[in-house]
Amino acid sequence: MVDIRFDGKVAIVTGAGGGLGRQHALELARRGAKVLVNDLGGSMDGSGGGSDAANKVVEEIKAAGGEALSNGSSVTDDAGVALMVKQAMDAWGRIDILIANAGILRDKTFAKMEIADFEVVLDVHLLGTVKPAKAVWEIMRQQNYGRIVVTTSSSGLYGNFGQSNYGAAKLGIIGFMNTLKLEGQKNNIHVNAIAPVAATRMTEGLMPPAVLEKLKPEYVTPGVVFLCSEEAPTGAILTAGAGAFALSRIVETEGVYLGDDGLSVEEVRDNWARITDAEGQQAYQTGGEQTAKVFRKMQGG
Ligand code: NAI
């Protein structure tokens, strides 16, 4: 099998001044991609900022013989996102890969959370994924080629105490991907998600040092870089951490058709075991497939 290379390809990695994004940027560059390194800098809750973090990673890439550009825009800022895309286009004339990775945390139980904490986290993660994707979408359509990797989290997929804002944003990103994967198909634009676990400033203090040592960001990056390659699937949610990789998917049970004759709350209660029976459960590729199942069941199938 030949190695996966990105010679001639152009990538934008958001939030690549540290943590996971930095590793993704370094690995893409090591494999020949020209990389625009975006990072607002700033602290983990999203305050402050500057271009130093992105500049440092650009220097690292250049020192290793690669090509890179730095951008200090916020992924939530329309003008900043436009500038980021313009920088890459002016320098290299195309954009093949977008890794939407930038993120912040404002953890609190929902009882203690201010709506402002909710809004800022939704803004950075969800709109901070949507805006760069929108800015490269037409370019990728014109090229008939694109690979987008969005960054979700087990907190969104499964829930995590104190992260209602973050979880909502992270699962919103999956909803976004589910439609982009369909709309991008005819132009060879593949859109996938990574759900990482890694020792970064986001997770330090949450686990003992010996565990964090096993969770280096570089153990997630091979999965992300595969999702950036020509061979990438589309619409996959890849979970990755410590060298373990798995696919997460949303499934629906076969369920039961109760009919419309005398349908009642009690009927739903009394059929709960059948409604939730995992036998024959499926992951659908489109919302329409799920609706088709409803019609099939209605017709006794
Ligand atoms: P990190 O804090 O080291 O990296 C995030 C980067 O995004 C930082 O360098 C930060 O400056 C940048 N950033 C924040 N707001 C920005 C904005 N508005 N515009 C541009 N850049 C901005 O954290 P980590 O762990 O590397 O996180 C990367 C992604 O992975 C995030 O989306 C995070 O939610 C996700 N993730 C991480 C997990 C982990 O175990 N570390 C678990 C699940 C998801």
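**Notes on the predicted model**

1. Ala198 has a polar backbone atom 2.9 Å from an oxygen atom of the ligand. This is a polar contact, that is, a pair of N or O atoms within 3.5 Å; within protein, one must be able to donate a hydrogen and the other to accept it, and residues adjacent in sequence count only if both atoms are side-chain atoms. Val75 also uses a polar backbone atom, which lies 3.0 Å from a nitrogen atom of the ligand. For Gly103, a backbone N or O atom is 3.4 Å from a ligand oxygen atom.

2. The basis of the values is as follows. The model is predicted, so local features need pLDDT of at least 70 and side-chain atom pairs count only at pLDDT 80 or more, while totals for chains, interfaces and linings use all residues. Residues are numbered from 1 along each chain as its sequence is written, and side-chain values use heavy atoms, with hydrogens and water left out.

3. The largest pocket has a volume of about 960 Å³. Its lining comprises 47 residues, and those closest to the centre are Asn101, Gly103, Ile104, Thr200 and Met202. Helices H1 (19-30), H4 (115-143), H5 (154-158) and H6 (164-183) are the elements that give two or more residues to this lining. On a 1 Å grid over the protein atoms alone, a pocket is an open set of points where a 1.4 Å probe fits, with protein on both sides within 12 Å along at least five of seven lines; lining residues have an atom within 4 Å of a point. Grid points are joined across faces, edges and corners, and the volume is the space filled by probe spheres set on the points. Helices (H or I, at least four residues) and strands (E, at least two) are DSSP runs, numbered from the N terminus.

4. By class, the lining of the largest pocket has 18 nonpolar, 25 polar and four charged residues. Nonpolar covers Ala, Val, Leu, Ile, Met, Phe, Trp, Tyr, Cys and Pro; charged covers Asp, Glu, Lys and Arg; the others, Gly among them, are polar.

5. The second largest pocket has a volume of about 420 Å³. It is lined by 22 residues, with Asn178, Lys181, Ile250, Ala283 and Tyr284 nearest its centre. H6, strand S8 (244-248) and helix H11 (287-298) each supply at least two lining residues, and H6 gives the most, with six. The lining divides into ten nonpolar, nine polar and three charged residues.

6. The chain is divided into domain 1 (10-248) and domain 2 (251-301), with bounds from an automatic or database domain assignment. The C-alpha centres of the two domains lie 36 Å apart. Each domain provides at least three residues of the lining of the second largest pocket.

7. Two backbone angles deserve a look. Most residues other than glycine have a negative phi. Asn144, which is not a glycine, has a positive phi of about 55°; Asn144 sits in the loop between H4 and strand S5 (146-151). Ala242 is not a glycine either and has a positive phi of about 60°; its place is the loop between strand S7 (237-241) and S8.

8. Buried means under 20% relative accessible area, exposed over 50%, and partly exposed in between (1.4 Å probe, protein chains only). Gly243 is in the loop between S7 and S8 and counts as partly exposed because its relative accessible area is 46%. The C-alpha atoms of Gly243 and Gln281 are 29 Å apart, at a sequence separation of 38 residues.

9. Some helix residues are buried. Ile173 in helix H6 has a relative accessible area of 0% and is therefore buried. Val57 lies in helix H2 (residues 52-63) and is buried at 1%; its C-alpha is 8.1 Å from that of Ala25, 32 residues away in sequence. Val136 belongs to helix H4 and is also buried, with a relative accessible area of 1%.
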